[in-house]
Amino acid sequence: MERIAAESQSAGTARIEDDGRRAVVADAAGSLTSGGFVADLDRRLAHRTDSTAGDVAVLNAYLADEIAPTLHAMGFTTEICRAAADGRNLFLIAERHEDSGLPTVLMYGHGDVVAGMDDRWSDGLSPWQATLRGDRLYGRGSADNKGQHSINLAALAAVLKARRGRVGFNLKLLLEMGEEIGSPELQAICRSRRDRLKADVMISSDGPRIAADRPTLFLGARGGLNIRLTLDLRPGGHHSGNWGGLLVNPATRLSAAIACLVDGRGRILVDGLRPPPLSDAVRRALSDIPVVSGADEPEIDADWGEPGLSPAERVYGWNALEVLAMSAGNTRHPVNAIPGKAEAVLQLRFVVGTDAAGAGEAVKAHLAANGFGDVQVSAAVMSNATRLDLDDDWVRWAVGSMERTTGKPVALLPNFGGSLPNEFFVEDLGLPTLWVPHSYPGCNQHAPDEHLLIPVADEALRIMAGLFWDLGERAAR
């Protein structure tokens, strides 16, 4: 009888928890229909935080006048700082502490945006105002990144309300104002404020889902490496009629050199630029991930890149070596002259396990072995690759929470195809990183008519409220 009573009590507690979870998830989504979320985002979009313009007063006002008061109302302490007195970037560090025995979450986002491009938006739309048309909420930053961190703050507020001022874990927030100019000094802040930013896990939102209707979780980002090739044979050009067939053409030779690095179907030919073979775990994770072109996007070339890989494996599990730019002579106004110099910039997008530090030497050795030792090579890593273990306990927990909320299978990506400043959180703060994106591929990020899709925002509010609720439940066990 005692066992039956205990089981009955446990079942009753579970029902109460389920009811509480359903209520808080619905309340978070209700901020969309009530107009509260749109009003908050409208205020935030009105701050013209174009970091490329470098108006420090405008960037500071977003943090000091908009975000800090919002956080204070939720029980955070805040600090606005720079990495150094002459630093280019502004940071807001906020902390909400409930109990030293509870887990601590770090959230990251950015409040800066790219240029508004005001005169290129559709009639009646402004980059600096939230405008709802159909299922789209327009405005610069609506998708990248003001809309995304606004979703997370709204979901957090719903959980705080439901739990009467507590969430059941500690929370820290790092918001920067220079992501669109390369996150200068972000690593310096992570290092100098390491103790202040110490946490158990990072849960943040940026980038697009793989599709509007597919909840997505990615665990890191591909790295980026630029490779500059230069063949400088002689000053100036020489008449092609008098010297053609007598002088080595640097453009012809550099083209052949590039072709020995990456072939005519996009396959990387340098062993040192290739990643390790795909693991079984990565293959399983990507087995049901479709990569499809949306409206106004180019059609995917099925037979480009590494043979035998699916499109998802090529962009999320493998490396890509791309020619970004080439120059020799003047293509707009060519003259009858053999150029004296040719130059190209290639980019390697690479996954964890690639020897990025040795890439430059690998290219030099490969070129020399193929008869192109006269080509000068320089290489610079822009960002390192990161990837949380797919079997990590935090990953299983997050996937379970998201699927419980949505009833949909989560697209679990080993890493984002592009680059994010995730390496600083992994390498400098030692954090497992979970990224839950709230935009979609067709959001017009960085372009006119940028928008947040309302169905995605609705589901995202529910997902984040569920994650925050479940984290409090997890900590209480």
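Me: What makes the pair His110 and Glu179 a polar contact?

Reply: In this predicted model, the side chains of His110 and Glu179 are joined at 3.3 Å. A polar contact needs N or O atoms within 3.5 Å, one able to donate a hydrogen and the other to accept it, so this pair qualifies. The His110 side chain also makes a polar contact with the side chain of Asp112, at 3.0 Å.

Me: Why is His110 called buried?

Reply: Its relative accessible area is 0%. Leaving aside neighbours within four places in sequence, His110 is in contact with several residues, among them Asp144, His149, Leu175 and Asp206.

Me: Which side chain does Thr49 join in a polar contact?

Reply: That of Lys146, at 3.0 Å. With the cut-off at 3.5 Å, the pair therefore counts. Not counting residues up to four places away in sequence, Thr49 touches Lys146 and others, including Tyr62, Trp128 and Met177.

Me: What makes you say that the buried residues of α2 line one face of the helix?

Reply: Happy to show you! The buried residues of α2, residues 36–45, are Phe37, Leu41, Arg44 and Leu45. Looking down the axis of α2, they fall within an arc of 95°, so they line one face.

Notes. Residues are numbered from 1 along each chain as its sequence is written. This is a predicted model: local features need pLDDT of at least 70, side-chain atom pairs count only at pLDDT 80 or more; totals for chains, interfaces and linings use all residues. Side-chain values use heavy atoms; hydrogens and water are left out. Buried means under 20% relative accessible area, exposed over 50%, partly exposed in between (1.4 Å probe, protein chains only). Contact means heavy atoms within 4.5 Å. Helices (H or I, at least four residues) and strands (E, at least two) are DSSP runs, numbered from the N terminus. The arc is that of the directions from the helix axis to the C-beta atoms.
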